[in-house]
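Hi,

Here is the structure I promised to pass on.

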Amino acid sequence: DFHYADKDYILVDTAGLRRAAKQKDGTEVLGGFKTREAVRKSDLVLLVIDGTIGPAHQDARLIEMCLEHHKGVIVIANKMDLGRKQHENFREWFREKVDTEFRFFAEVPVVFTSATTGQGLDQLFQKVEEVRAKLHIKIPTSHLNKFFTEVIKKAPAPVYRTKNVKFYYLTQTQQRPPSFIAFANH
């Protein structure tokens with residue numbers, strides 16, 4: 001538990017996840033179970049990646065697990081101080097690697113930090129609050145239905161067997177991240 005910029009946070013530092021075939025002992029297996037449990041219990045996952053190397057296939061699997069459990073995710077490119085020395089356009093290089101490795105997750109939020117110098121921590125907490133706000137957004141049913149009506153007007157009605165599907169309304173569920181349910185005649 002810690003307090004930063006007038007807000008309270010709980011941070012759980014987990015062991016990294018390696019492929020099952022690469023796990024050497026029972027400690028790594030137990031660490032993997034604990035990491036998966038921490039992801040399931042979390043509201044938001046901060047995936048710290050070595051910025052000098054970039055994301056790997058195992059990072060993509062971890063992101064997939066987060067998405068399967070409906071968790072918010074922020075990728076943290078750590079070691080930006082070293083990355084700038086190794087790559088001329090470090091941020092662009094890292095973002096390209098993220099886009100390639102996480103192609104199934106459009107526009108994953110990325111924050112660049114340096115644990116050694118402390119650079120990027122303010123931006124990280126700003127991004128955490130931005131994602132937190134998105135996870136807790138509540139859209140009134142009237143706004144959803146107005147939007148839904150406009151979208152439906154632009155496309156032909158789907159057909160179920162021989163009848164047109166008529167949509168009645170759309171509403172937001174109580175889930176996080178925000179989820180929606182549409183009611184129709186079929």
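Below is what turned up, taken region by region.

A word on the ground rules: this is a predicted model, so local features need pLDDT of at least 70 and side-chain atom pairs count only at pLDDT 80 or more, while totals for chains, interfaces and linings use all residues. Residues are numbered from 1 along each chain as its sequence is written, and side-chain values use heavy atoms, with hydrogens and water left out.

Let's start with the aromatics. Rings of Phe, Tyr and Trp (its six-membered ring) pair if their centres lie within 6.5 Å; planes under 30 degrees apart are stacked, over 60 edge-to-face, and the rest tilted. That rule gives 12 aromatic pairs. One of them is Tyr 4 with Phe 125, which is stacked at 4.0 Å centre to centre, with 25 degrees between the planes. This pair ties together distant parts of the chain: Tyr 4 sits in strand S1 (residues 2-4) and Phe 125 in helix H5 (residues 121-135), 121 residues apart.

Phe 125 is buried at 15%, whereas Tyr 4 is partly exposed at 25%.

Next, Thr 113, in the loop between strand S5 (110-112) and H5. Thr 113 is buried, with a relative accessibility of 5%. Leaving out residues up to four places away in sequence, its contacts (heavy atoms within 4.5 Å) include Ala 77, Asn 78 and Gly 120. Gly 32, by contrast, is 25 Å from Thr 113, C-alpha to C-alpha, and 81 residues from it in sequence.

Ala 77 comes up again in strand S4 (residues 72-78), where it stands opposite Ile 49. S4 runs parallel to S3, and seven bridges join the two; strands count as paired if DSSP finds at least two bridges between them. In S3 (residues 44-50), Val 45, Leu 47 and Ile 49 make up the covered face, while Leu 44, Leu 46, Val 48 and Asp 50 are on the uncovered one.

Finally, Ile 181 is in strand S9 and is partly exposed, at 37% relative accessibility.

Cheers

Terms used. Helix = DSSP H or I, 4+ residues; strand = E, 2+ residues; numbered from the N terminus. Buried < 20%, exposed > 50% of the residue type's maximum accessible area, 1.4 Å probe, protein only.
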